[in-house]
Amino acid sequence: MPGALATKEVFITVEEYWAIDERSKYRHEYFNGEVFQMAGSKFNHSLISSNILFNLRVKLESKDCDVVSSDLRVKADEFHYFYPDIVVVCQPKFTPDIFDTLENPIVIVEITSKSTASRDKNEKRLAYLQMDSLNDYLIVSQNEMLIEQYGRISANEWSYKIHESPEQRILLKSLDIGITVEQIYRRIEFPPKKLRLVKNKK
């Protein structure tokens, strides 16, 4: 997800959040009483998102499912509303009386940066993995070739895999499709890693 900025330090009700998000020209996420305004994306983030969308859309052509970008809000539970970077949904179910809020994603992808990785791997992950409909959660780094995959095994059990080689194939079992790491990172140039200097002790 893009970076987020806190908009208020006091507790905000879900109803107040809906009103804020509906009136604003910017998207906002809701974390258990806190509202965060979504910031813009960097080039790597946008290109990775485009690569994933293109490949999934091609593979889903013969299935009754759709893949959409970060403009669609998802209700993880009563206290968490997010705008995932990418969502796959089959037979979408929306929250009644709330504009375009999806309740049953099959796959969710978050594209992280240094500033968002902690939230994507902790608060968001915990909320997403409680969703009955979700079968795969992918955390994709935009700063290095690294994809973390949580795949549903049973109602309360998830597998965890790391993908960091171009030839590795990420299998989405519930959809019977896969996408390679190379396809996700096509034409991506990663920022150089900073060297850590260690001083010799005398």
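The model is predicted.

Start with how ring pairs are read. A pair of aromatic rings is described by the distance of the centres and the angle of the planes. Here the count comes to 11 aromatic pairs.

Take Phe31 and Phe82. Their ring centres are 4.9 Å apart. Their planes meet at 55 degrees, so the pair is tilted.

Now turn to Tyr150 and Tyr160. The ring centres of Tyr150 and Tyr160 are 4.9 Å apart, and their planes are at 45 degrees, so this pair is tilted. Tyr150 belongs to strand 11, residues 147–154. Tyr160 belongs to strand 12, residues 157–163. They sit 10 residues apart. Tyr150 has 13% relative accessibility, so it counts as buried. Buried means under 20%. Tyr160 has 41%, so it counts as partly exposed.

Ring pairs join Phe31, Phe36, Phe82, Tyr128, Tyr137, Tyr150 and Tyr160 into a cluster. Both pairs described above have their members in this cluster.

The charged end of Arg119 sits over the ring of Phe36, a member of the cluster. Arg119's charged end is 4.5 Å from that ring's centre. Arg27 places its charged end over the ring of Tyr83, 5.5 Å from the centre.

Terms used. Residues are numbered from 1 along each chain as its sequence is written. This is a predicted model: local features need pLDDT of at least 70, side-chain atom pairs count only at pLDDT 80 or more; totals for chains, interfaces and linings use all residues. Side-chain values use heavy atoms; hydrogens and water are left out. Rings of Phe, Tyr and Trp (its six-membered ring) pair if their centres lie within 6.5 Å; planes under 30 degrees apart count as stacked, over 60 as edge-to-face and the rest as tilted. Helices (H or I, at least four residues) and strands (E, at least two) are DSSP runs, numbered from the N terminus. Buried means under 20% relative accessible area, exposed over 50%, partly exposed in between (1.4 Å probe, protein chains only). A charge sits over a ring if NZ of Lys or CZ of Arg is within 6 Å of the ring centre and within 35 degrees of the ring normal.
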